[in-house]
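Here are some notes to read beside the structure. Take the points in order and find each place as you go.

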Amino acid sequence: MTVPYMRQVATANTWAFIKLIFRWRGSVWKLVIWELIIWLYIYYLISFTYRFAIVHSQFEDVFIRTVRHIDALQTTYGTAVTFVLGFYVSEVAKRWWKVWMEIPWPDTVGLCIVAFYRDRKDAKGKAEDRMTRCTVVRYLVLSYVLVFRDINERIRKRFPTLVHLTPHLLTDEELKMILKEDPNLRCWMPFEWLFIIIKKAYEREQIDTEHHNLMVEKVLDFRQRLQNLQQFDYVNLPLVYSQVVNVSVYLYFCMALFAKQYLGRAGSPDDREVLYSVDYAIPFFAVVEFIIYCGWLKVAQVMLNPFGLDDDDFDIDMMVDRNLKVGLSMVDDYYDKCPPLVELKVTSLPHTLASAQDIQRCAPMQGSVAQVAVPKRLQKIVEPAVIHGYKMRDNSPPPTPEAELTQGSEYDKTEIDLLAHDEKKQSADKVEMSKATAISMGHAPAAAESVANTQVLHPTPAQSAGRRKSREPRAADKPERPPSRPPSRPNSRSEKHSILEKTQPMSGHGPSPKTTRADAPKPPKE
């Protein structure tokens, strides 16, 4: 089974990964140790031959030129090896994970039997129903073992012949029936027997139609997964691909046996300029490169067939025992056994001292902008007409920073538009209220409308002062502005008139004409 180490790396820290590096079982050191020893032996053999036999001989220059030439070739060749090896390991890793995900589990079928299969009332029927449930699980595990006997070495060692399956998974009668069939059909015979058992239970009306279809679907899915595993074993990655990658890596380090040699020799300083100047007793960097590349190749070799005897291969032997035990417990030991219902009022769950320290550091499950506060002056409801009108004026190019300091920010312009619209709406509401009050006092409708317009459009000095006081923003609502020169005041009546036109709410009929107190109609005397 794959070497477990999740507990050691549950919390990321440097010391945990340092300890992980020096583990032996399933490690890179265990995989490359013998190849590294052989490579170092050949490396030192060449090195000693050069140091004690070739130096100061007629073959020294030939050896030096050979080493330099191989070193130049290896630099270019290493890029191709890295690309080919990386792609190969990626494909093998994908295939390895797909194989694991295709391994079936009988739990779903066992739970379907528990949920959908109804026992009969009499004692004989109950005994037969119990045998039926256990036989369904046994046939599932039997087909599981028959398939893995052909593709997994550990299962083959455990059950070398079909006789070793009796009397635990096979009866003598079932063994005789299987031995009569072709070896390619033996793996699927338990499924035929299983479907016959489910069909008989359906005919006895112990399983409903919908539940029968669902159980058949789950059993067929179990069988399909086993067949997919056989196909993974039958169809491998192309042999030429594996050969190219392995030959490339091993040839690369055969070249490194010469390319990494020390070429020091006695002579003048001019002779040493083109040679290596550092003599490593142990080729440290070459060893590191060997561990990385060869370990990378070993990863692919281990994952290529996960049904072998490597440390990281799937432990199907353990999974067979687990599936049989869990399946039988579902349909036999714990079948139709439920504790009595008890009412529990659960509002929260307790914590220990250890878990309380962790829960205090947890972030609350809130949105990222749940704590964002919107200013109170921007919480006012805006009607669509005002929004569209402001967008029409907003099509103009953005003002410069200097103009924004003198004319106000975009928030100020928006607030002016909103206040003008609110004032217009409030005036219309007050006119209607004054008109209704005048009519209730006995005025004619025309006279009542004149009275309402006079009171709203021409308020008394006390009413005007109260309105101006209500419009003044509070100190907390005033937006802070950076210190700058005071805004310029309009110098002429025309400039004042243009500013007032900008602050008027837009409408389709243009600005309303000015109304004076002399032009306003007077209310009739009673």
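Where is Pro167 found?

1. Pro167 sits in the loop between α6 (153-158) and α7 (172-180). Keep in mind that this model is predicted. The peptide bond that runs from Thr166 to Pro167 is cis, and its omega is near 0°. Most peptide bonds are trans.

2. Next, backbone angles. Most residues other than glycine have a negative phi. Glu205 has a positive phi, near 60°, and is not a glycine. Look for Glu205 in the loop between α8 (189-203) and α9 (209-234). Its relative accessibility is 62%, so Glu205 counts as exposed.

3. Asp336 is not a glycine either, yet its phi is positive, about 55°. Asp336 lies in the loop between α13 and α14 (353-359). With 71% relative accessibility, Asp336 counts as exposed.

4. Now a helix pair. Two packed helices are described by the angle between their axes and the distance between the axes. For helix α4 (residues 107-116) and helix α13 (residues 316-333), the axes come within 9 Å and cross at roughly 10°. Therefore α4 is roughly parallel to α13, as angles under 35 degrees count as roughly parallel. On α4, the contact is made by Asp107, Gly110, Leu111, Ile113 and Val114. On α13, Arg322, Val326, Met330 and Val331 take part. The residues of this contact divide into six nonpolar, one polar and two charged.

5. Last, is Ser242 buried or exposed? Ser242 belongs to helix α10 (residues 239-259). Its relative accessible area is 12%, so Ser242 is buried. Leaving out residues up to four places away in sequence, Ser242 touches Tyr88 and Leu304.

Note on methods
Residues are numbered from 1 along each chain as its sequence is written. This is a predicted model: local features need pLDDT of at least 70, side-chain atom pairs count only at pLDDT 80 or more; totals for chains, interfaces and linings use all residues. Side-chain values use heavy atoms; hydrogens and water are left out. Helices (H or I, at least four residues) and strands (E, at least two) are DSSP runs, numbered from the N terminus. Buried means under 20% relative accessible area, exposed over 50%, partly exposed in between (1.4 Å probe, protein chains only). Contact means heavy atoms within 4.5 Å. Axes are lines fitted to C-alpha atoms, for helices over the stretch in contact, and angles run from 0 to 180 degrees between N-to-C directions. Angles under 35 degrees count as roughly parallel, over 145 as roughly antiparallel, 65 to 115 as roughly perpendicular and the rest as oblique. Ala, Val, Leu, Ile, Met, Phe, Trp, Tyr, Cys and Pro count as nonpolar, Asp, Glu, Lys and Arg as charged, and the others, Gly among them, as polar.
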